[in-house]
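Please study the sequence and the model before reading each solution.

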Amino acid sequence: MTTRQVLLLLLLWMWLPHPCHTEMLFRRTPDLRPKSFGGRASGNDGKAVHRQKRGWMWNQFFLLEEYTGSDYQYVGKLHSDQDKGDGSLKYILSGDGAGTLFIIDEKTGDIHATRRIDREEKAFYTLRAQAINRRTLRPVEPESEFVIKIHDINDNEPTFPEEVYTASVPEMSVVGTSVVQVTATDADDPSYGNSARIIYSILQGQPYFSVEPETGIIRTALPNMNRENREQYQVVIQAKDMGGQMGGLSGTTTVNITLTDVNDNPPRFPQSTIHLRIPESSPVGTAIGSVKATDADTGKNAEVVYRIIDGDGTDMFDIVTQKDTQEGIITVRKPLDYETRRLYTLKVEAENTHVDPRFYYLGPFKDTTIVKISVEDVDEPPVFSRSSYLFEVHEDIELGTIIGTVMARDPDSASSPIRLFLDRHTDLDRIFNIYSGNGSIYTSKPLDREISQWHNLSVIAAEINNPKDTTRVPVYVRILDVNDNAPQFAVFYDTFVCENARAGQV
């Protein structure tokens with residue numbers, strides 16, 4: 001039988017009258033009192049009190065919701081056993097919806113609903129009924145209360161509170177790991193039939209995920225799902241009422257699931273050997289270059305620390321881990337000299353700082369690479385044999401006498417010729433001169449210790465092929481004294497002596 005045929009049968013059943021709805025007779029309540037009571041009882045004053053016999057009993061009426069017929073829907077019939085059928089009684093209805101939603105035929109007691117009723121708006125209606133004598137307007141039955149209960153039909157599909165859910169689960173989770181629970185609600189009556197009994201199923205997202213039919217808990221269904229292979233999944237969950245049977249109504253929701261990262265990938269250097277170059281003139285602290293190990297993980301799971309663990313340059317270089325870029329920056333630790341050593345080899349290690357013990361079996365979470373550093377030659381300025389020179393010379397030497405020699409050389413392997421000259425700002429009187437080829441300093445004017453005891457000179461050395469690159473060195477010349485000055489009185493003495501002074505008198 002097709003779904004369409006089932007629906008047509010259901011509609012036909014709704015239009016037909018049902019015995020449980022049609023009539024409720026209100027008969028006299030049987031007198032169950034013991035015979036000895038004689039139908040009356042004594043009050044406190046000794047007078048007889050007559051008990052009124054009840055003429056009807058009340059039960060519930062049942063009405064099917066969502067009636068689609070053109071006529072008023074028949075609810076049921078009220079009838080008193082005192083009704084002789086001669087029209088002498090009048091039935092009166094009051095309470096929820098009386099006179100508007102529910103109307104009663106005052107002669108026959110037939111109750112009808114004037115419009116379609118939605119159980120989800122109101123599940124039952126409480127009304128009161130009374131039968132009175134039409135002529136005397138006196139009640140022949142006491143007013144009684146009854147309930148019209150709306151029977152549910154499956155006219156509401158299950159709905160999810162969210163159209164799209166967002167959830168996450170760690171990658172590499174074991175099968176059956178809970179991801180998230182989705183819950184649908186059904187406005188139909190859960191106590192009547194299966195209209196609100198919901199079963200969950202997965203329409204999209206297999207074979208990666210599954211859903212528990214009764215609870216809506218989504219779980220992982222495949223082992224070793226790897227975030228590095230695929231990070232995002234879209235799962236569509238269906239909630240179907242009627243216990244999931246054919247003809248039930250359904251609703252769906254989408255769950256976007258993200259695999260979160262775990263540290264299941266060790267760092268790896270892309271090259272086994274890395275070549276770097278640096279000029280020999282680079283000062284201490286200069287960054288030579290960087291090395292970087294790649295890690296397929298993210299965040300703290302990809303953090304590494306770099307170390308120099310071996311090599312012939314461990315005392316010449318340092319490595320610093322740059323956290324924002326996850327690179328290892330190699331820097332100069334000591335001055336370099338191309339003429340002394342031109343190549344260094346380092347063994348650098350990169351290791352994860354946060355290791356997950358669950359994945360130790362995937363190998364050591366570290367890697368090494370060889371870094372070769374070539375020191376490049378630069379055109380260095382000349383270098384003097386000393387950091388300073390001190391020459392001592394007597395003041396009476398002849399002009400042109402060599403007082404000392406300064407020596408400079410080109411430290412480069414090419415060893416270019418050197419030219420030496422005096423900085424004339426340190427010898428304004430041009431007392432000294434220098435041979436530019438060999439660095440010999442000689443006197444060009446007489447020396448006088450009594451005029452200047454010290455002369456502070458500065459000698460400059462420059463390569464002939466590169467005169468702009470120079471080096472200077474201080475030269476201190478001390479003038480030594482010789483006996484070249486007769487004694488002199490400090491003042492002119494003027495004295496007087498008497499003419500009759502004796503010999504030997506001061």
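Aspartate 312 is partly exposed at 35% relative accessibility, the class between buried (under 20% relative accessible area) and exposed (over 50%), with a 1.4 Å probe and protein chains only. The model is predicted: local features need pLDDT of at least 70, side-chain atom pairs count only at pLDDT 80 or more, and totals for chains, interfaces and linings use all residues. Residues are numbered from 1 along each chain as its sequence is written, and side-chain values use heavy atoms, without hydrogens and water.

**Exercise 1.** Determine which residue forms a salt bridge with aspartate 312.

*Solution.* A salt bridge requires a side-chain nitrogen of Lys or Arg within 4 Å of a carboxyl oxygen of Asp or Glu. The partner is arginine 341, with the closest N and O atoms 2.8 Å apart. Arginine 341 lies in the loop between strands E22 and E23, and aspartate 312 in the loop between strands E20 and E21, so the pair ties together parts 29 residues apart in sequence. Strands are DSSP runs of at least two residues, numbered from the N terminus. Arginine 341 is itself partly exposed, at 33%.

**Exercise 2.** State whether aspartate 423, which pairs with arginine 472, is buried or exposed.

*Solution.* First, the closest N and O atoms of this salt bridge are 2.8 Å apart. Next, arginine 472 is in strand E33 and aspartate 423 in the loop between strands E29 and E30, 49 residues apart. Finally, aspartate 423 is buried at 13% relative accessible area, whereas arginine 472 is partly exposed at 49%.

How values were computed
Helices (H or I, at least four residues) and strands (E, at least two) are DSSP runs, numbered from the N terminus.
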